[in-house]
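Look through the structure first, then read on.

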Amino acid sequence: THSKSDQKNYLIILSVFCQGFVVVVSIIVDACGDPKAKPSYLIDKNLESAVKFIVRKFPAVETRNNNVSLSIVLYCEMYINTVFFLCFQDHVCELLNTIDACQVFFDITVNFDLTKNYLDLVVTYTNLMMLLSRIEERKAIIGLYNYAHEMTHGSSDREYPRLGQMIVDYENPLKKMMEEFVPHGKSLSDALLSLQMVYPRRNLSADQWRNAQLLSLISAPSTMLNPAQSDTMPCEYLSLDAMEKWIVFGFILCHGVLNSDQAALSLWKLALQSSTCLCLFRDEVFHIHKAAEDLFINIRGYNKRVNDIKECKEQALGLMHRERRKFLRSALKELATVLSDQPGLLGPKALFVFMALSFARDEIIWLLRHADNIQKKSTDDFIDKHIAELIFYMEELRAHVRKYGPVMQRYYVQYLSGFDAVVLNELVQNLSVCPEDESIIMSSFVNTMTSLGVKQEGTCCVFLWSDIPIMPCLSLGQAYTSVSKASLGIADHRELGKMMNTIIFHTKMVDSLVEMLVETSDLSIFCFYSRAFEKMFQQCLELPSQSRHSISFPLLCTHFMSCTHELCPEEVSDRSLSLCNMFLDEMAKQARNLITDICTEQCTLSDQLLPKHCAKTISQAVNKKSKKQTGKKGEPEREKPGVESMRKNRLLVTNLDKLHTALSELCFSINYVPNMVIWEHTFTPREYLTSHLEIRFTKSIVGMTMYNQATQEIAKPSELLTSVRAYMTVLQSIENYVQIDITRVFNNVLLQQTQHLDSHGEPTITSLYTNWYLETLLRQVSNGHIAYFPAMKAFVNLPTENELTFNAEEYSDISEMRSLSELLGPYGMKFLSESLMWHISSQVAELKVRAVDSVLKRMTIIGVILSFRSLAQEALRDVAMNVYELSSAAGLPCEIDPALVVALSSQKSENISPEEEYKIACLLMVFVAVSMPTLASNVMSQYSPAIEGHCNNIHCLAKAINQIAAALFTIHKGSIEDRLKEFLLASSSLLKIGQETDKTTTRNRESVYLLLDMIVQESPFLTMDLLESCFPYVLLRNAYHAVYKQSVPSST
């Protein structure tokens, strides 16, 4: 028998151990129910017959004539845990007998902690026995272990007879426990009947709550600063779910009182009407009505009770709970809003906060349990698409308590010393009989509480807290005075007991705020309802008005850290982390999709402002001015850009409005918390959004190029730039919703687009446009379908039989090249330049082994490529004036092209000496010079003053000759100026054309003469004086006169 002072501690210790055993048994139930986790010896085909034999004979032991070889490991964790349970059961029975012998007084309103711990122990013990009976292979596990033990040691395990008999006795656990609790009926029924003033008050309808203005701080403004008081403080936030378990299981165990006490029957019926199933542990449930009916139907004289159960089952609907959740959403929203504005009210109104959390927690758990386990009569009662809102307001209240905890602590330290100590002292002084020992104890409580205080040190408050733990001492004091033979019986001094309950609550407000949050608002049970949890989350995202509360689901994952037990640690961290990661990822994806839709709409609007769309408007204006009638009558007038912003009715909501509303709601949720910590892992919701925006922006930019490899179609750089700017404008506006660094997104994405491949190895706009310009536009120039017009600084389509699918001018004029430079940036343009140089180097390699016509054609191609590069470099200079990159990488002009030098250097051959390479380079330039007269016979060599060039692009030879010579003789360390002088001297062979009499050979003689002037004008190393010494300027003057005179008739 335990002393009075030990009973309270012993009760608490056994409750903790009982909870630990429940965790162990629950794990065993899950393991045996999962084929993947089931012990190997239970699924071994070789042992199947032995298992069946042992289960059939259980608990008898027979080892005769069995040839099956059992390789069972003697250390069986499941068996050992069950043996430990026998010892635990003995202690529970001993404690219950001691409580009966001491005639302990139980009243939830007087000695709250003692009564609650007693009822918790009884119910948890009952749940444990029920869970044990749900282990399907319990007989096989215990029997196999004992069989192996007997074969190994020659005798059964010493605990096996008791253990086997217990398994048999508790085949129907509730029936057995009804017999077992007959001696404890008085104590248990007294504890349960004390709920008659608490449970009905907690189990009210939403209308009754509303009429009483429950949880409202602003219903009575004059009393807003008054502390929330109650005679039964801890009972106000006591879990309704816990009370229903006490009542249902308690009255099943002491069912006799239902026939003798009307109050007990009322409590029983009310609990049966509230729920149809109760939680045994985690996701294991107990179907109340069926089980109770099966138990009572076999008891004589219980027909009325069976009818009561059937009647209550019909009335157990979810409508009341649905209305409660609806009320709590508005009540918690009001409470959270007021406290966020006036956090100082957390002191006097702390009770309201914990009541609100407890009420909401009970309704959420009820919905979760019933939605997953009940055949739904009314779907609406068991599906709540607004459940996220209720969870969100719970999280807001929890956040207020954590943030303003010091405010609450300061308030209640002063409250304990200034009010509670005084009231407790008065109650002690007014006691008619107070033995000396009890008087000393009570006086020490008063003195300790009086000594409490708050000391201000700078900007910090230091609590002057006692070394004596007030709360445990008061709880022990209640237990000490609750036994029948106590000299100071708390049953006779109820006001003293209630005051002690109040002081314990106030003490918890000082040093147990975190534990109070767990006690009143823990929703870690969601960890074991993953499917329902994910379904609620999806419903939340699908409803735009609820998406702002979607952050409540990742926040719930922080609760999962409290679902483990210290006596049986489990690995639930992976489940918590994966769920949180999945929720945040889905939220970011949803936001990303909304942003993408908005960007698409904005790109469409920006596209309407492109110059190409104004042609029809201009045409209509011109025709109207000239009074020409075009088009059909009644043809609707085309809407001008911007008309979508003109609203005739404020109620008219466009698709863009809906997208912005949905995005703002979801972004509120993503921005709600900067980060959350789960199992030492930190999650940052905003980073999820940033990551998804980077990926989508990258894909969108590449997608907006509309590159089609089959047809070689691609968007114009200017149109792509317009779309990218529209996209970036939308992304920039995201900073108004979420605190993210969108500039970092731009830098990461756009810098990757200046490279050949992005970080995922995918093509970028740099590679796509480089490919297109090289393989499509410049290839058509080589084929004679496109010409470079220096006057227009653009490539232009030539009239041919097979029309091209694109207009070269629309991709190569100065505005398009500037747009391209903005898109690709210096690094992208450098890659384009290097690709051009690679093509030039391959052409130079072919020059050395070709005939005259081929050499001139390839030199022309080189000139075309260099002309295109010159356009690109000039455009880069225009848009990147403040970018200081080395030489051509930034578009800065230089006499010797470094990129070309690098490209041609790679063409050096190991089999030829440097001297030979130099001679070949010199001869190549001479070869080009002496081949130039052959160009005069080409029909397409005619010079056009309008375009300042030749139709076959031979004007590009000037750039090719100068830059190839400069690069080659830089590589071979020769004199560029001397070699170009030699080229001019060799080019004087053009003078021989004048002596030709064949008109076919000399048809474009004057046009070819002009090439010499272009070469000198292009070169930084040659002068007109030098040209005059080789080729008379009068011939050039006459040539210009001739080509301009020749072009006049064609122009008229």
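Is Asp 107 buried or exposed? Asp 107 counts as buried, because its relative accessibility is 8% and buried means under 20%. Keep in mind that this is a predicted model.

Asp 107 has a charged partner. Its side chain meets that of Arg 494 in a salt bridge, at 2.5 Å from N to O. Arg 494 is partly exposed, at 36% relative accessible area.

The count of salt bridges comes to 37. Among them are these pairs:

| Pair | Closest N to O |
|---|---|
| Arg 158 and Glu 159 | 3.4 Å |
| Lys 959 and Glu 1018 | 2.8 Å |

Take Lys 959 and Glu 1018, which form a salt bridge. Lys 959 lies in helix 41 (residues 957-971) and Glu 1018 in helix 43 (residues 1005-1018), so the pair ties together parts 59 residues apart in sequence. Lys 959 is buried at 13%. Glu 1018 is partly exposed at 35%. Arg 158, in contrast, counts as exposed, with 74% relative accessibility.

Salt bridges can also join into a network. Lys 612, Lys 716, Glu 719 and Glu 810 are linked this way.

Now to the surface. Asp 30, Asp 34, Asp 283 and Asp 372 gather there in a patch of negative charge. Asp 30 belongs to helix 1 (residues 4-33) and is partly exposed at 40% relative accessibility.

Definitions and conventions. Residues numbered from 1 in each chain as written. Predicted model: local features only at pLDDT ≥ 70, side-chain atom pairs only at ≥ 80, totals over all residues. Heavy atoms only, no water. Patch = residues over 30% accessible without salt bridge, like charges linked within 9 Å, V, L, I, M, F, W, Y side chains within 5 Å. Areas by Shrake-Rupley, 256 points an atom, 1.4 Å probe, with all protein chains shown as cover. Salt bridge = Lys/Arg side-chain N within 4 Å of Asp/Glu carboxyl O. Lys, Arg positive; Asp, Glu negative; His and termini not counted. Charge placed at Lys NZ, Arg CZ, Asp CG, Glu CD. Helix = DSSP H or I, 4+ residues; strand = E, 2+ residues; numbered from the N terminus. Buried < 20%, exposed > 50% of the residue type's maximum accessible area, 1.4 Å probe, protein only.
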